Structure formats: structure tokens, C-alpha cells
Amino acid sequence: MSHAFDAASAASETKRAEEPRIPGLLGVIERTTRRLNHVILVCGGVALVAACLVLSYSVLTRYVFHEPTEWQDETAVFLIVGATFLSAAGVQAKRGHVAIEALTGLLSPGVNRVRLIFVDIVSLAFVTFFAWKSWSLFHEAWEDGQISQSTWGPPLWIPYLLMAAGMSLLAVQFVLQITEAVLYGPRAAGWAKPKIGIGADVNRDMRDRPDLTPEEPDPLESTITPTAAPVRPITTRGGKA
């Protein structure tokens, strides 16, 4: 099997320029959360692979060896819940969540800056409520010893703890990005950067900068350039100017 395409793609990639560091305590928090999110994203990928292996093992033992298991479904669910909620902050740090940008091109750059901060504030309010409710459910499940209704019966505080921790990290990420946007502008909070996901992968430019998506109008800057008034030619009539 030939790997020429992969080798050529890897060779053509260039390193991204390092982003300017935010000074002070805010910068320390930002870099700490970035490292934490990176570790969580790696663990989330491992958890998803583990969930696939657990379900594959269940199918194999049930239909090939005729030995049904009782723990595989809830184990896979717990792994997927943990990967989903705990990695939410890491995805938010890259602005990788689903967003509808139908109004972006219709609004002025100044209105877009206000809109982006407003959206983050509304999202923070929802995530904070979600985190508070998840911690309440975790406390109830821990105090009452609640377990699942299945024959395996694992404790329910496990998924509630994963949900609560994930939403708490996401709330911290929103607070960090809102603060950065207010102090240093929306770009410092991750806006107007190349997005992640299948859209960015499909639209990669392999010739010059494979790590950047094709350039589009910047919603945070005005793209209207002033044009000079046309110069009318001087005409003469008769023999005089």
C-alpha cells in the first residue's frame, strides 16, 4: 500500500505561528485550561474507542459464544457521557461547537463584536444552570445510594459526576473567553480563527497553508474600501479651452 499522499500532505504542512500570550493571571488560567483541555480531549478519544470495543465484545460474546453480558451497555454509555461532557470545554476553546452564522454577513463589524459577546453570556447562563442541576443530581444520587435499574446496577452518581464536571469546565471556559473578549477583543477569545471539524478538513488548501481554511470576509473588520470619485475629462469646444 502506498502512503505517498499522506507523506506529501504531511511534508507540505507548515507550523502555525504562535499565538500571543495573554499577560497576567488571566494568561496563566488560559494556558492551564488549554493544557487540561488537551489532556481531556485525548482521554475522550480513548474513551470513545473503549466504548466501541465494549460494544463489539458484547456482540461477539452474545452471538458467537452465546454468553450474554449485563454490563456492556451502561459501561459504553458512561464512557460516551464522559467523553461528551468533559470534552465540551476543549471544543469550545477551539470554537468547534455547532454555530449558525446566517446573520454574520448581514451585520456590521461593531454589531458582530457585541453579538458574539452576548451569545457567550447567554451560553454561560445556560451552562451554569446545567452545571448546578447536575451537581444537585450527583449529590442526591450519592446521599441516597441510587443505582441503575439494570441487573448490573452501577451507581448513578458516576454519570452525574461526569456531567457536572464537564459543564463546570465549560462554564469556566466561557468565563475565560468572555473576559478575554472584553479586555482584548473577540479575536483573543478565539473568534475569527480557522474552525475545526469536517468543514475545515475538506476546505484545506494543500498548496500554501494546509493548516488554514480558505480566506473569507472577516466579520470583525470592515471589508468596504473607499473608492475615489471618477475624474471627468476636460473637453473643449471651438477653439478655446
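Which residues is Ser134 in contact with, leaving aside its neighbours within four places in sequence? In this predicted model, the contacts of Ser134 on those terms are Tyr160, Met163 and Ala164. Ser134 itself is placed in helix H5, and its relative accessibility of 2% counts as buried.

Helix H5 also contributes to a group of aromatic residues. A search of the whole structure finds eight aromatic pairs. One of them is formed by Phe138 and Trp142, whose rings are tilted, with a centre-to-centre separation of 6.1 Å and 40 degrees between the planes. Phe138 and Trp142 are separated by about one helical turn, because they stand four residues apart in helix H5 (residues 109-144). Phe138 counts as buried, at 17% relative accessibility. Since Trp142 lies in helix H5 and Trp157 in helix H6 (residues 157-184), the pair ties together parts that are 15 residues apart in sequence. Trp157 is partly exposed, its relative accessible area being 27%. Through ring pairs, Trp135, Phe138, Trp142 and Trp157 are linked into a cluster.

Helices H5 and H6 are also among the elements that cover the buried residues of H3, as are helix H2 (24-63) and helix H4 (88-93). Helix H3 (residues 72-86) comprises 15 residues and reaches 21 Å from its first C-alpha to its last, close to the 21 Å expected at 1.5 Å a residue. The buried residues of H3 are Gln72, Glu74, Thr75, Ala76, Phe78, Val81, Gly82, Ala83 and Phe85.

The protein chain has a mean pLDDT of 75, and 67% of its residues reach 70 or more. Among its elements, H3 has the highest mean pLDDT (92), whereas helix H1 (residues 4-12) has the lowest (36). The pLDDT is below 50 over residues 198-207, a stretch that has eleven contacts in the model beyond near neighbours in sequence. Over residues 223-232 the pLDDT is likewise below 50, and this stretch has two contacts in the model beyond near neighbours in sequence.

Notes: Residues numbered from 1 in each chain as written. Predicted model: local features only at pLDDT ≥ 70, side-chain atom pairs only at ≥ 80, totals over all residues. Heavy atoms only, no water. Phe/Tyr/Trp six-rings, centres within 6.5 Å; stacked < 30°, edge-to-face > 60°. Helix = DSSP H or I, 4+ residues; strand = E, 2+ residues; numbered from the N terminus. Buried < 20%, exposed > 50% of the residue type's maximum accessible area, 1.4 Å probe, protein only. Expected span 1.5 Å × (residues − 1). Contact = heavy atoms within 4.5 Å. pLDDT = per-residue confidence, 0-100.
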